Amino acid sequence: MADFLQIENGQALPLAAVPTIGLARFARLIRDFTQSGGAIVQFFAHQEQARPNCHRLYAVTRGSGLFALATEVDGDFPSLTLAAGAKFAMFEREIAEQYGIKPTGHPWLKPLRRHDRDYEYFTVKGEGVHEVGVGPVHAGIIEPGHFRFQCAGEEVLHLEIRLGYQHRGLERLFTTAPRGRLPIIAESIAGDTAIGHSLCFCQAIEAMAGIEVDAAASSARVIALELERLANHVGDLGALSGDVAFAPPAAYFGRIRGEFLNLLLLMSGNRFGKSLVRPGGVGQALGPMQFDAILEKIAELRPQLKQVCDLLFTAHTVTARFERAGLVNREIAERLGLVGPCARASGLEYDAREFFPSECYATLPGNVLGLTQGDVLSRALVRRDEIFHSLNLVETLAQAAADCQAAADWRACSPAPEHLVVTVNEGWRGEISHCLITDAAGRIARYKIKDPSFHNWMGLAMALRGQGISDFPLCNKSFNLSYCGFDL
Amino acid sequence: MLKIIGTRLNQGMRTTPWPKKPVTLAASYRGLPRLNDQCDAAIIGQCAEQCPQQAIDAAAKTIDLGRCVFCGDCAGDFVRFTNDFRLGCAARSDLITAGDLPDLASRAKEQWRKLFGRSLQIRQVSAGGCNACEADTNVLGTPFFDLSRFGIDFVASPRHADALHVTGPISKNMKSALLDTYAAMPEPKAVIAAGCCAISGGPFYGSEEIIGDLNSLIPVDLYIPGCPPHPMSTLHALVTFFKGRAER
């Protein structure tokens with residue numbers, strides 16, 4: 001552990017402070033760390049303009065703290081997926097695709113987001129085995145992605161998920177777009193996580209430029225992040241109910257989700273909270289008009305949510321479908337590096353709000369996990385528990401909220417040159433992390449975005465093994481992952 | 001069973017009275033902007049320069065709702081955002097405005113109103129973007145908006161569709177799937193560009209990975225601005241354009 005540099009969430013540090021060690025030692029240390037329960041927050045490459053033949057690989061890992069380590073490679077490098085396990089698989093495919101350097105020995109090296117190269121699907125052969133392809137255009141109003149099932153009769157033997165249809169070139173756009181547009185882009189990484197991603201972005205800019213956020217604005221940001229969680233978790237319970245054809249809760253949850261979106265609209269002028277979070281604080285003044293309305297609405301919605309949750313979770317026809325569907329046990333969840341409610345439903349206790357608290361989370365109580373057996377029922381119950389926990393957090397904060405002013409114009413700020421910052425927040429899907437590296441002039445030289453879905457898509461694929469294919473919509477909804485957050 | 005009935009009684013009837021009665025959105029909602037042409041030129045210039053989407057033309061004193069993300073950065077003496085959600089337009093040029101949009105009902109083709117006025121089936125294609133547009137289109141199916149009471153439904157197959165509703169800046173990776181979907185629809189077919197991404201590329205303009213303008217691929221009949229469009233904007237645009245209802 002001595003080789004790693006322990007870093008704080010949202011702390012800018014000079015690039016030179018990140019220990020850069022030889023590749024063999026780097027691989028060994030990272031392998032040992034992750035095999036003893038450590039997880040990966042970021043693993044990416046960066047090519048400095050001055051040294052076009054050299055790629056620096058940065059790893060940010062988490063255990064009891066956050067740790068950073070770097071190495072340099074001048075071409076292909078031995079795969080960590082091969083040496084240390086599946087949690088590296090997506091990260092290494094990303095590095096290979098973005099920079100053309102290959103992790104040699106990677107067992108599943110395929111294009112990640114690009115569609116201009118060959119892609120070979122894994123196929124199962126044998127009597128009675130058949131293939132089902134779905135997407136990219138789906139039956140409902142959903143983002144695009146392609147799902148390829150290998151089935152024996154109704155049973156799914158293997159599911160392969162191909163994404164990249166939503167690829168917009170975001171990481172590059174962060175280095176080329178005018179500064180004023182960056183918060184808008186950050187809010188559009190994943191619109192349903194506009195608050196989560198813009199928090200990560202703004203905290204990175206604030207750390208780099210030494211911008212302070214006052215306590216009132218910080219508290220308002222947390223209220224917004226929790227409202228985002230509430231809207232999405234409530235919507236997910238409704239969708240799960242709809243997927244087992246129990247219509248009443250689907251309708252009620254769907255309507256209640258809208259009430260939370262309307263609270264975000266009240267705070268920001270936008271139902272997804274766009275333009276609410278800005279470097280330096282919040283985009284507009286907030287006061288009793290907003291906070292009192294939030295308190296009033298929560299008092300109204302809490303008993304309604306209790307009643308509809310009761311309706312959903314006491315219906316035997318519902319629990320019969322939820323129970324033991326889409327099982328991901330703790331061992332697999334740990335091995336794949338799952339995060340967020342899906343991971344907690346499998347018994348992994350990580351919640352970034354408690355482990356690496358940003359804003360005012362350190363002063364707030366954590367959540368207690370209920371059922372964690374890794375099935376659809378657990379994923380639904382974790383959401384239910386988080387809904388009532390979030391209601392308490394929002395209520396606590398809104399009761400104590402002080403007026404806050406709109407943040408000053410940040411566009412003229414000067415980020416520290418040749419620095420690196422890692423920001424981590426617990427979005428409603430799990431751990432979101434951004435990493436910003438500046439060049440000698442303080443411009444953004446590399447912007448790395450990681451949505452929790454980057455970890456979790458593989459979890460969905462594993463959840464389908466041995467399931468009836470007709471349970472796919474239910475399992476899929478119990479994860480509810482982001483296509484655009486993955487595709488960037 | 002008793003629990004279901006009890007919850008039903010408790011939850012009550014929640015559908016919006018629109019269009020029988022007008023609906024007023026929260027004052028904080030940023031809808032149709034009104035521009036003040038008497039405003040000081042220096043302020044107008046500053047608004048144009050600071051607009052992250054380069055949506056403001058200082059000389060013409062107009063704002064392009066096809067580019068605008070309604071972020072409110074320019075709100076002040078020159079631009080005042082109202083809570084008017086009626087933003088749908090039938091022509092791209094109509095979106096470049098000082099705050100008065102043409103009457104949408106009068107722009108609909110007579111033939112379409114005859115064909116689709118009582119029943120409109122829409123196929124949605126998400127082509128890039130951030131999923132906010134999709135999410136706020138999906139809610140039209142919730143009891144509050146209840147789109148199907150107008151005879152409008154989103155359908156699973158392009159073969160069953162009268163209109164194509166496109167969101168997102170059309171990533172290069174979605175171009176062929178989008179064109180295939182369009183080709184699979186029977187004639188006549190209407191095309192709806194929803195959200196600033198589908199209209200102009202939105203926050204992603206300038207990226208090499210997107211097309212950024214639906215109209216450059218297939219002819220667009222109805223534009224619904226917003227980032228994302230408020231569900232009421234979509235509801236209003238669909239009902240007004242295809243059914244020719246009086247605006248409210």
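# Close-up views

**A polar contact links the side chain of A:Glu92 to the side chain of A:Thr81, at 2.6 Å.** A polar contact is a pair of N or O atoms within 3.5 Å; within protein, one must be able to donate a hydrogen and the other to accept it, and residues adjacent in sequence count only if both atoms are side-chain atoms. This is a predicted model, in which local features need pLDDT of at least 70 and side-chain atom pairs count only at pLDDT 80 or more, while totals for chains, interfaces and linings use all residues. Residues are numbered from 1 along each chain as its sequence is written, chains are lettered from A and ligands numbered from 1 in the order in which they are written, and side-chain values use heavy atoms, with hydrogens and water left out.

**A:Glu92 sits in helix 3 of chain A, residues 89-99.** Helices (H or I, at least four residues) and strands (E, at least two) are DSSP runs, numbered from the N terminus. A:Glu92 is buried and has no salt bridge. Buried means under 20% relative accessible area, exposed means over 50%, and partly exposed lies in between (1.4 Å probe, protein chains only). A salt bridge is a side-chain nitrogen of Lys or Arg within 4 Å of a carboxyl oxygen of Asp or Glu. The nearest side chain of opposite charge to A:Glu92 is that of A:Arg93, 9.6 Å away. Here Lys and Arg count as positive and Asp and Glu as negative; His and the chain ends are not counted. With neighbours within four places in sequence left aside, A:Glu92 touches residues including A:Phe43, A:Phe77, A:Pro103 and A:His106, where contact means heavy atoms within 4.5 Å.

**A:Asp471 and A:Arg321 form a salt bridge, with their closest N and O atoms 2.8 Å apart.** A:Asp471 lies in the loop between helix 15 (453-463) and helix 16 (472-479) of chain A, and A:Arg321 lies in helix 10 (residues 316-322) of chain A, so the pair ties together parts that are 150 residues apart in sequence. A:Asp471 is buried at 16% relative accessibility, whereas A:Arg321 is partly exposed at 32%. Side chains of opposite charge can pair when their charged atoms come close.

**Salt bridges also join A:Arg117 to A:Asp116 and A:Asp439 to A:Arg443.** For A:Arg117 and A:Asp116 the N to O distance is 3.5 Å. A:Arg117 is partly exposed, with a relative accessible area of 38%, and A:Asp116 is exposed, at 54%. For A:Asp439 and A:Arg443 the closest N and O atoms are 3.0 Å apart. Over all chains, the structure holds 44 salt bridges.

**Three strands of chain A form an open sheet in the order 9-10-11, with antiparallel pairing.** Strand 9 (129-134) and strand 11 (155-162) of chain A are at the edges, each with a single partner strand, so one side of each has no neighbour in the sheet. From one strand to the next, the twist averages 20°. Two strands pair if DSSP finds at least two bridges between them; strand 10 (residues 146-152) and strand 11 of chain A run antiparallel and are joined by seven. Within strand 11 of chain A, A:Ile161 stands opposite A:Phe147. Helix 15 of chain A lies across strand 10 and strand 11 of chain A, and runs at about 160° to strand 11. Axes are lines fitted to C-alpha atoms, for helices over the stretch in contact, and angles run from 0 to 180 degrees between N-to-C directions.

**Cis peptide bonds join A:Gly135 to A:Pro136 and B:Cys227 to B:Pro228.** Omega is about 15° for the bond between A:Gly135 and A:Pro136, and A:Pro136 lies in the loop between strand 9 and strand 10 of chain A. For the bond between B:Cys227 and B:Pro228, omega is about -5°. B:Pro228 is in the loop between strand 10 (222-224) and helix 7 (231-243) of chain B.

**A:Glu359 and B:Asn131 are non-glycine residues with positive phi.** For A:Glu359, phi is about 45°. A:Glu359 lies in the loop between helix 13 (352-355) and helix 14 (376-400) of chain A and is partly exposed, with a relative accessible area of 23%. For B:Asn131, phi is near 80°. B:Asn131 is in the loop between strand 6 (120-126) and helix 4 (132-138) of chain B and is buried, with a relative accessible area of 12%.
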